[in-house]
Amino acid sequence: MSGLILKRLVKKLRKEYDAKLEQGMQAQRKGDIKSYAMLSAEAEKIWSEIEILEAKKAK
C-alpha cells in the first residue's frame, strides 16, 4: 500500500478507536461492566491493527 492510503486508514482506525473508548467509558459510568469489557476488547483489537499499519508505514 502506498503511504497516503496507509495514513488515511490509520486516521480512520484512530477515530474508531477513540469512539470505542468513549462508548466504553459511558458504559462504565452507567454501571454496564459487560458492555464496557466488550467495547474495551474491540478497542484493543483496533489498536493492534493500528500498530501493524504503523509498522508497515515505518518500513
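These legends walk through close-up views of a predicted model.

Residue numbers start from 1 along each chain as its sequence is written, and side-chain values use heavy atoms, with hydrogens and water left out. In this predicted model, local features need pLDDT of at least 70 and side-chain atom pairs count only at pLDDT 80 or more, while totals for chains, interfaces and linings use all residues.

**View 1. Helix 1 meets helix 2.** The axes of helix 1 (residues 3-30) and helix 2 (residues 33-58) come within 8 Å and cross at roughly 160°. Helices here are DSSP runs (H or I, at least four residues), numbered from the N terminus; axes are lines fitted to C-alpha atoms over the stretch in contact, with angles from 0 to 180 degrees between N-to-C directions. The pair is therefore roughly antiparallel (over 145 degrees). By class, their contact has 15 nonpolar, 4 polar and 9 charged residues.

**View 2. Helix 1 from end to end.** Its 28 residues reach 41 Å from first C-alpha to last, close to the 40 Å expected at 1.5 Å a residue (1.5 Å times one less than the number of residues). Just after helix 1, look for Gly31, which takes a positive phi of about 90°.

**View 3. The buried residues of helix 1.** Here you can find Leu6, Val10, Leu13, Tyr17, Gly24 and Ala27, buried meaning under 20% relative accessible area with a 1.4 Å probe, protein chains only. These buried residues pack against helix 2.

**View 4. A closer look at Val10 in helix 1.** Val10 counts as buried because its relative accessibility is 4%. Leaving aside neighbours within four places in sequence, Val10 is in contact with Ile50, Leu53 and Glu54 (heavy atoms within 4.5 Å).

Technical notes:
Helix = DSSP H or I, 4+ residues; strand = E, 2+ residues; numbered from the N terminus. Parallel < 35°, antiparallel > 145°, perpendicular 65-115°, else oblique. Nonpolar A, V, L, I, M, F, W, Y, C, P; charged D, E, K, R; others polar. Buried < 20%, exposed > 50% of the residue type's maximum accessible area, 1.4 Å probe, protein only.
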